[in-house]
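Visitor: Could you walk me through this model? I'm new to reading structures.

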Amino acid sequence: MAKLTNDHPALTLDEIRSVSPALAAYTENTVIGDLWSRAGLSARDRSIVTVAALIARNQTIGLPHYVNKALDSGVSAAEVSEIVTHLAFYAGWSNAFFAVEIVKDIFVERGIGADQLPGASPQLLPLNEEAEAKRATGVQANFGDVSAGVVHYTAEVLFKNLWLRPGLAPRDRSLVTVAALIANGQVAQITYHLGRAMDNGLTQEQASEALTQLAFYSGWPCVFSAMPVVKDVFANRS
């Protein structure tokens, strides 16, 4: 795998222009010149959404640039570490391993050591017993006879462990999840996780602007497939 760990884009505008002058113009004028400075979502949150989308879709060519951009925008190394961990569950182990291959070199270049990263078994955040019992009962009733193993690991590993890890705030963990779901076209899961994200503090304005960011980094079809579901979540919460 090519080592692209500096904080510059993998392709220069001149290189892009040599293939597509129009793509270079859109990149310079729309993405760099406009999208990243839009109100509604901080540079930190845009970086989280973008990194999550790239890992979810295994689009590693842009990952060195955007992980560095995230670190420069206030995302901590511990949070980057947790994003990679979280997406192993929501985008697959191999996608997380591809991200590890890139992020480990960035951490070395920046002098980020194990002492700055979350431990394997930290003190977990408190569990909302009532909400988890309700969620678990619904999943068991719907899918217990389909895959007892999935139901077991969903409760014991995801919701009683992964989601309670303190290295990533619940609101940001939800933002990562929603971004990954939209990026991968997993619309059936958006209702629950966007609702959870908003319960965790993500505002409607921020969720709306995350869609705008994802249109460029995941493509218009993924976002338009998600928008009817997002619209219903917004309407039901109103």
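**Helix packing and pockets**

Guide: The crossing of H3 and H5 is right-handed, meaning that the near helix is turned clockwise from the far one by less than a right angle. This is a predicted model, where local features need pLDDT of at least 70, side-chain atom pairs count only at pLDDT 80 or more, and totals for chains, interfaces and linings use all residues. Residues are numbered from 1 along each chain as its sequence is written, and side-chain values use heavy atoms, with hydrogens and water left out.

Visitor: At what angle do H3 and H5 pack?

Guide: Helix H3 (residues 43–56) and helix H5 (residues 77–91) pack at about 40 degrees, with their axes 10 Å apart; helices here are DSSP runs (H or I, at least four residues), and axes are lines fitted to C-alpha atoms over the stretch in contact, with angles from 0 to 180 degrees between N-to-C directions.

Visitor: And which residues of H5 make the contact?

Guide: On H5 they are Glu79, Ile83, Val84, Leu87 and Ala91, where contact means heavy atoms within 4.5 Å.

Visitor: Switching topic, how many residues line the largest pocket?

Guide: The largest pocket is lined by 33 residues, and Arg135, Phe159, Tyr192, His193 and Arg196 lie nearest its centre. A pocket is an open set of points on a 1 Å grid where a 1.4 Å probe fits, with protein on both sides within 12 Å along at least five of seven lines, and lining residues have an atom within 4 Å of a point.

Visitor: Which helix gives the largest share of the second largest pocket's lining?

Guide: That is H2, with six residues, while Pro9, Ile16, Thr27, Tyr66 and Tyr217 lie nearest the centre of that pocket.

Methods
Helix = DSSP H or I, 4+ residues; strand = E, 2+ residues; numbered from the N terminus.
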